[in-house]
Amino acid sequence: MTGITHHIPDSLLIAYAAGTLPKPFALVVAAHVSLCDECRARLAAHEAAGGAIIEQSAPETISESLRDRVLDALDNPFDMPAPHPRQGVYPGPVMEALKGRPPKWKRIGMGNRQCIIDHGAEGSVRLLWIAPGQAVPDHGHNGLELTLVLQGAFEDETGHFGPGDLEIADADLEHTPIAAEGAPCICLAATDAALKFNSFLPRVLQPLFRI
Amino acid sequence: MMLLDDHRTLAVNATCDRLVVSMMAGQEQAQVSKINYSIQTEWMLAVRDDRDRRAFAQLFDHFAPRLKGVVARSGAPSAQVEDIVQDVMLTVWHKAHQFDPERAQVSSWIYQIARNRQIDILRRERRPLPEEIAQQAEDTTPDASQILGLEQETEKLKQALNKLKPAQREMVEKAYLGELSHTDIQAETGLPLGTIKSRIRLGLERLRHELKIIGTP
């Protein structure tokens, strides 16, 4: 995809490569890399650094039986699940997380909808559907929030975000994203903490919607 | 030296079965020379193209003992470390058809597989992975200069890693082997990301170029 101007910072790419990124964020990184050749190349470069470190690490003694077990098992059946392909605006890893089915939208008021993909101790990841010209409630963040645009666009105090663009918001950012005119804005949004809303009503609704 | 039909000279130095003919820009000369891929790349290509079990055993002997240390370091319970190494090496055998030396060195490809399998096994859930790039069917001729270029860049990256001060080296290893969280990595000012980035810049350009070619229908 061309025209992407907001990319993944190195700290997140390295944590993704090293496998330490919480799963909600890992999904957003995998989805962005599916759309962005620039970040795919940068991820490959970090994996080259990881490979170089393996290459230079001291060999440990392995048990004799491990070698035999592996060499004897080469002809055994090996379970390798086929990856889910991209469907419409949803990249492969998102379809994987949706188990191959289209998102089931739930209304969250003000014309907006969401589909929670995963919600657990590490945080949550959801799809958001924001009607053109509609604002997402003004909110700050307890932790980190990654928002990847899949369709349409939104704007906030920090800039314009179109398809493939990734916005990174942390505890310091109070922002009011507004969906651009045109197609509804569909985003993949991940947080490692509950969002805090500044107005009363959404705060009451927060436990209900698990935002 | 031999003469081609059109009387250009051809230098033949065929000590290896992988040969490349490169036209020298601006010169009417074709040169055939041996390609010195790294031994790991040779093993991996033999596994991929010929299902060569001896080559796989050599890959195993080289990588399994290193993987054992790396997997143990990133927090796997000791009882499971060899099971993970076994799974990684079997994945290398079964996914060999996906190995593309124009895009990744053997060590980085194995690093990737090791992270994936370790997470899948320890957390019993599948790690979100980017879409695979569809290889073009007609693109079967390996681009030797691309492969060698990546190997050279990785070699320089290794040298750069070796020149780091011990404390910096320790931080880099921790970051890439999964001992630091993303917030730790962001906060860690001692992490010599600049060194790594400048070393992989050229390799990156090559990868971008390669992805552009693959991505063009």
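The model is predicted.

Start inside chain B. Domain 2 and domain 3 of chain B meet: nine residues of domain 2 are in contact with ten residues of domain 3. On the domain 2 side, the residues touching domain 3 of chain B comprise two nonpolar, four polar and three charged.

Now turn to chain A. Chain A holds six helices and eleven strands. Of its 211 residues, 44% are buried. Its contacts also reach along the sequence. Take the contacts in chain A between residues at least 6 apart in sequence: 67% of them join residues at least 24 apart.

Next comes the interface. Here 59 residues of chain B are in contact with 55 residues of chain A. Several helices of chain B each supply at least two residues to the side that touches chain A, among them helix H2 (53-73), helix H3 (78-94), helix H5 (144-162) and helix H8 (193-215).

Two packed helices are described by the angle between their axes and the distance between the axes. Helix H3 (residues 37-56) of chain A packs against helix H4 (residues 106-123) of chain B at an angle of about 95 degrees, and their axes are 7 Å apart. Angles of 65 to 115 degrees count as roughly perpendicular, so H3(A) is roughly perpendicular to H4(B). Which residues make the contact? From H3(A) come A:Glu47, A:Ala48, A:Gly50, A:Gly51, A:Ala52, A:Ile54 and A:Glu55. H4(B) contributes B:Ser107, B:Ser108, B:Ile110, B:Tyr111 and B:Gln112. The contact of H3(A) with H4(B) has five nonpolar, five polar and two charged residues.

Finally, the core. The largest nonpolar core has 91 residues. Those with the most contacts inside this core are A:Val28, A:Val29, A:Leu188, B:Leu59 and B:Leu67. H3(A) gives the most to this core, with ten residues. From chain B, domain 2 (39-123) and domain 3 (144-215) each provide at least three residues to this core.

Leaving aside residues up to four places away in sequence, B:Leu59 touches B:Gln40, B:Trp43, B:Met44, B:Val47 and B:Val92.

How values were computed: Residues numbered from 1 in each chain as written. Chains lettered and ligands numbered in written order. Predicted model: local features only at pLDDT ≥ 70, side-chain atom pairs only at ≥ 80, totals over all residues. Axes fitted to C-alpha atoms, helices over the stretch in contact; angles between N-to-C directions. Helix = DSSP H or I, 4+ residues; strand = E, 2+ residues; numbered from the N terminus. Parallel < 35°, antiparallel > 145°, perpendicular 65-115°, else oblique. Contact = placed C-beta atoms within 7 Å. Nonpolar A, V, L, I, M, F, W, Y, C, P; charged D, E, K, R; others polar. Core = buried A, V, L, I, M, F, W, Y, C linked by C-beta atoms within 7 Å. Buried ≥ 20, exposed ≤ 12 C-beta atoms within 10 Å, placed from the backbone. Domains from an automatic or database assignment.
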